[in-house]
Structure formats: C-alpha cells, structure tokens
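This report walks through one structure, from its sheets to its domains and chain contacts. Please keep the model open while reading.

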Amino acid sequence: MPFEQLLQYIFSGITSGSIYAIVAIGFNIIYNTTGIINFAQGEFLMLGGMTAISLHSFMPLPLAILAAVIITSAVGALIDFIFIRRLKSPSVLNMVIVTIGLSIMIREIALHVWDEKVRSLPYFTGSEVTSINIMGAYISPQVLWVLGVSGVIVAFLGVFFRFTLTGRSMRACASNITAARLCGINTKNMVTISFMLSAAIGALAGCVISPITQTQYDCGTSLAIKGFTVAILGGLGNSTGAVIGGIIIGLLEAMSISIMPLAYKDAISIAILLIILFARPSGLLGKREAAGLKEF
Amino acid sequence: MNFLEVKGLSRSFGGLRAVQEVSFSVEKNAIKAIIGPNGAGKTTLFNLISGALPPASGQVFISGSPIHGLPPHRIARRGISRTFQNIKLFSRMSVLENVMIGRHIRSRAGFLAAMLRLPRTKAEEREIRETSMDILSLLGIGDLADQEATSLPFGKQRVVEFARALATEPDLILLDEPAAGLNIHETAHISEMIMKIRRRGITVLVIEHDMSLVMNISDEIVVLSSGKKIAEGAPAAIQKNGEVIRVYLGEGDA
C-alpha cells in the first residue's frame with residue numbers, strides 16, 4: 001500500500017474513531033453517576049444534528065449549533081426529570097430498559113418532526129470539494145473540525161472532572177454514592193447534570209459530523225452501537241480508555257476496507273465487542289473489580 | 001436546650017424491630033457513646049439520625065429544629081457528619097481530594113463560575129485546598145495527601161475518613177466503631193483524635209465496642225439491647241448497672 005494511501009486510511013480511521021470516543025464518553029458520564037448504560041446516547045447526536053440543521057435555515061451556523069447543544073442538553077435534563085428521577089427504588093435493569101424505550105420514542109418523534117429525508121449541515125469551512133494536502137493525503141477540512149472538537153471536549157472534561165467542585169462531586173457519586181450523600185452532595189442533581197452533559201457533548205458531536213456522515217432520524221443507533229463497543233473496549237467509565245478504544249476501532253475499520261468489502265465494516269466492531277466480552281470483559285484500562293458492572 | 005434530641009425513634013425491617021422507641025439527648029460539645037451487643041440496633045440508629053434511612057416514627061432535633069425525614073444531603077448541610085464502620089472512601093481519588101469533597105457543602109461557587117475559572121472561584125478553590133491540608137495536618141497525615149486514598153493501610157484510611165467528616169465543619173459528628181479492626185496503638189491515636197475533635201467545639205456521638213476507649217473518652221453512655229435503650233448514664237454508673245452486666249455477660253449469678 002503506498003504511503004499516501006495508508007495515511008488516508010489512518011486519517012479516516014482517527015476521524016471516525018474520535019466520534020466513537022465522544023459517544024463512548026457520553027456513555028461513561030452517565031454510567032459513572034448512575035451505573036446505567038443510556039441506550040438513548042446515539043439519539044442525542046441525531047437530535048443535536050437535526051436541531052442545528054433546522055435552526056440553520058434562519059440563523060448563522062455557530063448560533064444554530066450553540067442553540068442545538070442547549071436544546072439537546074435540556075432534553076437530557078427533561079429525560080432525567082420525567083423518567084429517571086421519579087423511579088422510587090430504581091434497579092439498574094429498570095433504568096436501562098427505560099433508556100431503550102426512550103431511544104425508540106425519540107427516533108419516532110424525530111421521524112414525525114423531520115420525516116425520513118437525509119439532511120446535513122454545510123461544511124464549517126470550505127465545501128465538500130475543498131481538501132487539504134497533508135503529506136500526500138487529501139482530507140476534508142471538516143475532518144480537522146471533528147478532530148479539533150473531539151480534542152476540546154476531552155480536554156474540557158478532563159479539567160471539569162479534576163478541578164471543579166461539580167466535577168469532583170460527580171466522581172464522588174460514581175465512587176461511593178452513600179458517602180457522597182453524607183458529604184452533603186445532592187446526588188439526584190448530579191445525575192441530572194450527567195444527563196445534560198452527555199446530551200450536550202453528544203449534540204456537539206452530532207453537529208460536527210453532520211457534513212461528513214449526514215443526519216437522519218435513525219442515524220443514532222449505529223453510532224450508539226459503535227460508541228458502546230468503544231466504551232466496553234476502553235473499560236466502562238474510563239474516558240482515557242474511550243479515546244484509546246475509539247482510535248483502535250476507527251483504525252481497524254478503516255484498514256479493513258482495504259482488504260475486505262465495505263459491507264463488513266460494521267461487522268468488524270461487533271466482532272471486536274464479542275471478543276472483548278469473552279476475553280477481557282473489564283476492557284483495556286478498566287479495573288478487574290469494576291468489570292462487575294456495578295449492579296448487573 | 002440540648003443540642004441533639006432524639007425522641008421515640010423506631011424502625012423495623014420486616015418483622016425485626018431494629019430500633020424501638022429510643023430517646024436520648026446530647027449536650028453541646030459532649031462525647032456520648034452508644035454501646036450494646038451486636039445486632040442491638042446501634043448502626044440503624046445512626047442511619048436514622050443521618051438520614052440514610054427514614055425513621056418509621058419518632059423525631060430528631062438539632063438545636064430544637066427537626067431534621068427527621070430530610071434527605072441525607074440536607075441533614076449533612078445542617079452540620080451532621082459521620083464515618084462508617086466499614087470505611088467508605090472515594091476510590092480513584094487522592095487523600096486530599098477525598099477531604100476536599102467534604103468541603104463541597106461549604107463552598108458557593110456554581111458550575112459556570114467553576115468552569116470559567118473566575119477569580120472568586122480560584123480563591124475559593126485555594127481556600128478549600130488549604131483548609132483540607134490543614135485538617136490533614138491536624139490529624140497527622142499531611143504527608144499522605146497525594147496518595148490514593150483506598151491504597152492506604154486500614155488504620156490510615158480511617159483517619160482519612162475522619163478528616164473528610166471534619167472538612168464539612170460539622171457541629172455533630174457520628175463515629176461508627178472508629179476503633180474496629182485497629183491495633184492498640186492505632187486505637188490510642190483514634191482516642192486522641194476524638195479528644196481533638198471535641199476541642200474544636202464539635203459534639204461527638206460514638207458507637208464503640210472497645211470498652212476501655214468508651215470508658216476513657218465518653219461523658220455519658222447509652223446502652224442499647226435488641227433495639228431498646230436499657231440504660232443511660234455516666235461511665236462509672238453504667239459499669240455497675242445490673243441490667244447492662246446481664247446483657248453483656250448473660251443470665252446467671254454473676
């Protein structure tokens with residue numbers, strides 16, 4: 001394989017990988033505060049993309065994206081208020097099933113609001129034919145946007161969880177919910193914040209990838225499956241693991257195209273998911289005891 | 001007026017009446033011990049006071065205002081802190097971070113201010129860090145600040161939990177078997193720490209099985225058996241109480 005072509009594959013692998021990583025981090029945030037896997041995570045990306053596309057018809061792109069992120073984050077809060085917070089003594093299984101139901105419901109609502117047409121946001125800079133030459137490989141400037149935004153999200157979360165009181169309180173809830181309560185932390189509010197946060201970063205990711213992957217009412221499902229695979233590969237709840245896992249899966253998928261038909265691309269990540277679950281259920285960076293999946 | 005007032009607290013689990021009609025009060029800045037055989041309902045009583053469990057009936061007052069039925073985080077904000085018999089520290093966090101979480105309720109910076117790193121927040125963050133370090137130094141574990149909390153030996157973890165409880169600046173601290181699993185030296189250190197806590201003007205309610213510790217530090221003792229209060233009084237009086245001796249040593253002509 002010529003070097004330029006290899007580089008091309010690597011770029012496309014890292015791009016999709018960083019998106020998977022963002023979805024996986026969305027899973028992790030909610031998993032860490034509640035112990036549940038939010039199967040509606042992919043729908044946050046779809047909602048963000050769709051809302052931004054609709055708003056863009058009458059406002060400038062940056063504003064439309066900002067508004068979409070805020071609206072999706074409000075939807076995240078609403079989901080927590082209506083469905084999660086009210087559960088009296090929620091078992092993990094109940095909450096997981098609630099999120100599966102929600103993902104179906106959100107998709108159906110989106111189908112009614114936006115119909116089944118495939119849409120997309122315009123390229124942030126340049127157009128679909130603009131490309132940048134990096135050492136012989138041609139990539140779209142939008143790819144750099146995706147990489148840049150993913151990088152910023154990861155850095156932001158790193159600062160947030162390490163250096164802010166809210167971030168630390170969320171980690172405290174993840175670590176020991178009883179002790180967190182007795183330290184005066186309102187754990188229910190932390191769950192709301194985690195839903196808002198993962199909805200917001202999901203929406204932002206949904207907007208930046210829209211020009212490349214296009215947005216449709218049901219585009220969240222496949223992203224959620226990839227993101228889930230990545231979250232498991234990296235070790236549930238571990239954000240560094242999510243980034244590493246995302247890039248590994250992205251690269252594997254991209255490389256597989258060169259030796260296998262395109263149709264097998266999705267089968268690769270599912271096969272990886274199965275292998276991890278058999279061989280190393282705690283993931284790459286997950287601790288062995290954490291693999292008990294909290295209360296599963 | 002008594003600082004802590006517990007009136008007729010009751011709670012059952014299925015058919016087991018874990019705590020029945022327990023009443024007592026604690027004066028400001030006193031050290032009161034709760035003793036009793038295993039299964040007497042001591043930890044359940046703590047859970048009822050701290051809000052981890054809602055009481056089935058009965059009332060709890062702090063300085064005359066009711067706190068029963070409030071969620072645990074609200075009770076914590078009223079100035080009640082506790083430690084656990086089986087230590088509950090935050091894993092994957094340093095000792096200092098664990099204590100800083102305890103400062104959470106004493107800080108005001110909102111989410112947005114914290115993210116934007118406003119000067120006010122920076123000052124507050126520094127204040128939290130410094131106060132937490134002071135508490136660690138006070139308890140003699142300042143050198144462990146950067147260690148991962150759950151990797152420390154058991155005795156040290158208990159001290160970290162003390163530090164975290166103190167960081168909330170409580171008026172009342174509930175200690176659930178602070179000397180359990182500790183050796184003689186560590187127990188002596190714990191007893192010293194409890195005296196230090198009292199000197200800071202904090203009221204202490206302690207569950208403990210180590211009788212020499214209990215008799216040394218406490219002003220008054222409440223004895224529970226099968227969920228009921230069977231005696232209350234000064235250590236010397238409790239040691240001579242026939243009912244208490246019967247519960248601890250069994251029936252007979254002892």
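In which order do the 6 strands of the open sheet with mixed pairing in chain B lie? The order is β6-β7-β8-β3-β9-β10. Note at the outset that this is a predicted model.

**The six-stranded sheet**

Two strands of chain B stand at the edges: β6 (80-82) and β10 (228-233). Each has a single partner strand, so one side of each is left without a neighbour in the sheet. From one strand to the next, the twist averages 20°.

Strand β9 of chain B covers residues 220-225. It runs antiparallel to β10(B), and 5 bridges join the two. Ser225(B) stands opposite Lys228(B), a residue of β10(B). A helix covers this part of the sheet: α10 of chain B (residues 242-249) packs on it and touches β9 and β10 of chain B. The direction of α10 makes about 125° with that of β10(B).

The loop between β9 and β10 of chain B holds Ser226(B). Its phi is near 45°, a positive value in a residue other than glycine. Most residues other than glycine have a negative phi. Is Ser226(B) buried, partly exposed or exposed? It counts as partly exposed, with 16 C-beta neighbours inside 10 Å.

**The four-stranded sheet**

Chain B has an open sheet of 4 strands as well, in the order β2-β1-β4-β5. Here the pairing is antiparallel. The edge strands are β2 (16-26) and β5 (65-66) of chain B, and each pairs on one side only. Strand β4 of chain B (residues 57-62) is joined to β5(B) by 2 bridges, and the two run antiparallel. Ile62(B) has Ser65(B), in β5(B), as its bridge partner.

| Pair (chain B) | Bridges | Residues of the named strand | Residues facing each other |
|---|---|---|---|
| β9 and β10 | 5 bridges | β9: 220-225 | Ser225(B) and Lys228(B) |
| β4 and β5 | 2 bridges | β4: 57-62 | Ile62(B) and Ser65(B) |

**Chain B as a whole**

Chain B has 10 helices and 10 strands. Its radius of gyration is 19 Å, close to the 18 Å that the globule rule gives for 254 residues, so chain B is as compact as a globular protein of that length. Taken along the principal axes, the C-alpha atoms of chain B fill a box of roughly 70 × 40 × 35 Å. Of its 254 residues, 39% count as buried. Among contacts in chain B between residues at least 6 apart in sequence, 66% join residues at least 24 apart.

How many of the 8 residues of helix α3 (residues 95-102) of chain B are buried? The count is 8 of the 8, so α3 is largely enclosed by the rest of the structure. Among the buried residues of α3(B) are Glu97(B) and Asn98(B), along with Val95(B), Leu96(B) and Met100(B).

Across the boundary, 16 residues of domain 1 of chain B are in contact with 12 residues of domain 2 of chain B.

On the domain 1 side, the elements that give two or more residues are α2 (72-77), β7 (172-176) and α7 (184-199) of chain B. Helix α7(B) gives the most, with 4 residues. By class, this side of domain 1 has 9 nonpolar, 2 polar and 5 charged residues.

**Contacts with chain A**

Between the chains, 25 residues of chain B are in contact with 18 residues of chain A. On the chain B side, α2, α3 and α4 (111-116) each supply at least two residues. By class, that side has 12 nonpolar, 7 polar and 6 charged residues.

Chain A has a residue with a positive phi that is not a glycine: Asp115(A), at about 60°. Asp115(A) sits in the loop between α4 (92-114) and β1 (132-134) of chain A. Asp115(A) is exposed, with 10 other C-beta atoms within 10 Å.

Terms used. Residues are numbered from 1 along each chain as its sequence is written. Chains are lettered from A and ligands numbered from 1 in the order in which they are written. This is a predicted model: local features need pLDDT of at least 70, side-chain atom pairs count only at pLDDT 80 or more; totals for chains, interfaces and linings use all residues. Two strands pair if DSSP finds at least two bridges between them. Axes are lines fitted to C-alpha atoms, for helices over the stretch in contact, and angles run from 0 to 180 degrees between N-to-C directions. Two residues are in contact if their C-beta atoms, placed from the backbone, lie within 7 Å. Ala, Val, Leu, Ile, Met, Phe, Trp, Tyr, Cys and Pro count as nonpolar, Asp, Glu, Lys and Arg as charged, and the others, Gly among them, as polar. A residue is buried if 20 or more other C-beta atoms lie within 10 Å of its own, exposed if 12 or fewer, and partly exposed in between; C-beta atoms are placed from the backbone. The radius of gyration is taken over C-alpha atoms; the globule rule is 2.2 Å times the number of residues to the power 0.38.
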